[in-house]
Amino acid sequence: MEVWIAEWSDSDNCVDIVVFGSEHDALSKSVKDIKQIIAGWTPGDDENKDLCAQVINDFARQGFLDQVITYWNDYQGDEEYYQYCHVYSRPVLGDISASKVSVSTYQTEISGATCRKCNATNEYAYADQPDGTFVCYSCKAFGG
Ligand SMILES: [Zn+2]
């Protein structure tokens, strides 16, 4: 059998990997992440961003998830700060069904984390990403 990996890597050499039991789940999560980044853009700020957002939302609406990711990566080639997204499969040993794949979420043992949306530091929060970040309560509550 195989598992599906959704991998993000950016120009700061940060890599984030999440494992899924199916290609559709990995693609869906990646497209959701892409749409979330786009939702943070200000319309009218940048012609290229506006076009990118329009094409990606069209693809997503039609269910062309892999095309969303291909287009997104093409667009990243023009950006100074880039974030590439890749979805691919990896074989795993053992004869287990895909529905039994468990996904482990990263969590530090040490408290103290910075919100990756608003940069607020919380000394009692635990990072859910290896770069020491989390999403704070108010960013989660207000569409984060
Ligand atoms: Zn925040």
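## Strand pairing

Strands S1 (residues 2-10) and S2 run antiparallel and are joined by six bridges, where two strands are taken to pair if DSSP finds at least two bridges between them. Within this pair, tryptophan 8 has aspartate 16 of S2 as its bridge partner. The coordinates come from a predicted model, in which local features need pLDDT of at least 70 and side-chain atom pairs count only at pLDDT 80 or more, while totals for chains, interfaces and linings use all residues. Residues are numbered from 1 along each chain as its sequence is written.

## The three-stranded sheet

S1 and S2 belong to an open sheet of three strands, ordered S2-S1-S3 with antiparallel pairing. Strand S2 (15-20) and strand S3 (83-91) form the edges, each pairing on one side only. From one strand to the next, the twist averages 20 degrees.

Helix H1 (residues 23-39) lies across S1, S2 and S3 and runs at about 20 degrees to S1; axes are lines fitted to C-alpha atoms, for helices over the stretch in contact, and angles run from 0 to 180 degrees between N-to-C directions.

## The protein as a whole

The protein has four helices and six strands, helices (H or I, at least four residues) and strands (E, at least two) being DSSP runs numbered from the N terminus. In order from the N terminus, the elements are β-β-α-α-α-β-β-β-β-α.

Of the 144 residues, 14% count as buried, that is, with 20 or more other C-beta atoms within 10 Å of their own, C-beta atoms being placed from the backbone. Among contacts with a separation of 6 or more, 40% come from residues 24 or more positions apart, a contact requiring C-beta atoms, placed from the backbone, to lie within 7 Å.

Technical notes:
Two residues are in contact if their C-beta atoms, placed from the backbone, lie within 7 Å. A residue is buried if 20 or more other C-beta atoms lie within 10 Å of its own, exposed if 12 or fewer, and partly exposed in between; C-beta atoms are placed from the backbone.
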